Amino acid sequence: MQITIISLDLYGYDFYIVKELEERGYLVNHFNIDKNKYQYKNVFEKIFNGFRKVVLGKNYKKDHLNKIILENISKLGHQDKILMIRPDRFYNNTLQKISCLCDDFVAFHYDGSRKVKGIIKTFPLFDRNFTFDKEDAKKYNLLFITNFIYKEYKLKKNHTAFHVSTLDSRVKLLEKIVRVLNSKKVNCDVNIVSLDEKYNPPTGLPINFLNKRIPIEELDERIKKSSIHIDTQRNIQTGLTFRVFESIGYRAKLITSNVDVMNYDFFNTNNILVIDEDNIVIPDSFLASDYEEIPEHIYQKYTLKNWVETVFNL
């Protein structure tokens, strides 16, 4: 069976999907959108592109991406399955052409429609649409599936809290959480990433500002050194981030602002602390207690193995 994955793989999570499929004996092609960036010829072209986006709904970057990906997919010949992650990056006519090159055209949306409105128009173009957002699944009759546990590791007990996210409105909440942890003498490996905007952490708070993404190999090593994970949720989304599944796979405590996590069968108040954004309380008992293993039959539901079998209908 030949499978192609087209995705915006900023942090390397999709590499694990490819690896899982290859270990099962499938021939897999992976096109990472992030590695096909368009470079403006000069500043005038960049300015004119702004005009094209507003007036014509066209974009040099998107034109380039659609052309490159379609050319590469066409060279592969007919595929059994094609999975697209972030199909909103493509024009509808491109998606229609790609759909003709496979027997099973599948999409996974790890951003909700309230954040990326462009995904709605792509739904009819796929044989199956998966989403990590419960509200989108219900509203648009999509198939619901969470993100996945991509790696497992049993941590040694320590008091280091890890976090990494992009610079956005969540940063104020993160500062509040770090301030509380700092007061409790918890070590913090907290990172804010922005390729464009600058960020100056408040004086005295252990928050690192980075102007480039952390490679997944380094990310893995830093997560291994942290027995507490911090997860800050975007207000316009309900889906669970990879921080949640990293905490399960690494047997780490989780501090999160996502109230919906309480509705999942793996929720355990000993392992997961849901905070009130307006009144952050982190009990000493939560920090001091050991992680409790969740039942194996529940754990297996969120593994990469189960995710791959479900999404690709294997």
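In the predicted model, strand β4 pairs with strand β5 (residues 128-131) in the parallel sense, over 4 bridges, and within this pairing Val-106 has Arg-128 of β5 as its bridge partner. The two strands belong to an open sheet of 6 strands, arranged in the order β2-β1-β3-β4-β5-β6 with parallel pairing. The edges of the sheet are formed by β2 (27-32) and β6 (143-144), each of which pairs on one side only.

Strand β3 is joined to β1 by 5 bridges, the two strands running parallel, and Ile-5 has Leu-83 of β3 as its bridge partner.

Within strand β4 is found Phe-108, a buried residue with a relative accessible area of 2%. Residues up to four places away in sequence being set aside, Phe-108 touches Leu-83, Met-84, Ile-85 and Arg-86, together with Phe-130, Thr-131, Phe-132, Ile-145, Thr-146, Asn-147 and Trp-307. The C-alpha atoms of Phe-108 and Leu-143 lie 9.2 Å apart in space, although the two residues are separated by 35 residues in sequence.

Helix α11 lies across β3, β4 and β5, and runs at about 150 degrees to β5. In the segment that comes after α11 lies Asn-313, which is exposed, with a relative accessible area of 57%. Its neighbours within four places in sequence left aside, Asn-313 is in contact with Lys-81, Arg-128 and Val-308. Asn-313 and Lys-81 are 232 residues apart in sequence, whereas their C-alpha atoms are 9.8 Å apart in space.

In soluble globular proteins, nonpolar side chains tend to be buried together. The largest nonpolar core of the model comprises 32 residues, of which Ile-5, Ile-17, Leu-83, Tyr-150, Leu-219, Trp-307 and Phe-312 touch the most other members. Two or more residues are given to this core by each of β1 (2-7), α1 (14-23), β3 (79-85), β4 (102-109), β7 (160-166), α7 (216-224) and α11 (304-311). Apart from this core lies another, of 25 residues, with Ile-177, Ile-192, Tyr-199 and Ile-275 among them. Tyr-150, again with residues up to four places away in sequence not counted, touches Tyr-13, Tyr-16, Ile-216, Leu-219, Ile-223, Phe-242 and Glu-246.

A search of the whole structure for disulfides finds 0. For Cys-100, the closest cysteine sulfur is that of Cys-102, and the separation of 8.5 Å is too far for a bond, given that a disulfide requires the sulfur atoms to be within 2.5 Å. Cys-100 is exposed, with a relative accessible area of 60%, whereas Cys-188 counts as buried, at 16% relative accessibility.

Note on methods: Residues numbered from 1 in each chain as written. Predicted model: local features only at pLDDT ≥ 70, side-chain atom pairs only at ≥ 80, totals over all residues. Heavy atoms only, no water. Buried < 20%, exposed > 50% of the residue type's maximum accessible area, 1.4 Å probe, protein only. Core = buried A, V, L, I, M, F, W, Y, C linked by side-chain atoms within 4.5 Å. Contact = heavy atoms within 4.5 Å. Pairing = 2+ DSSP bridges. Axes fitted to C-alpha atoms, helices over the stretch in contact; angles between N-to-C directions.
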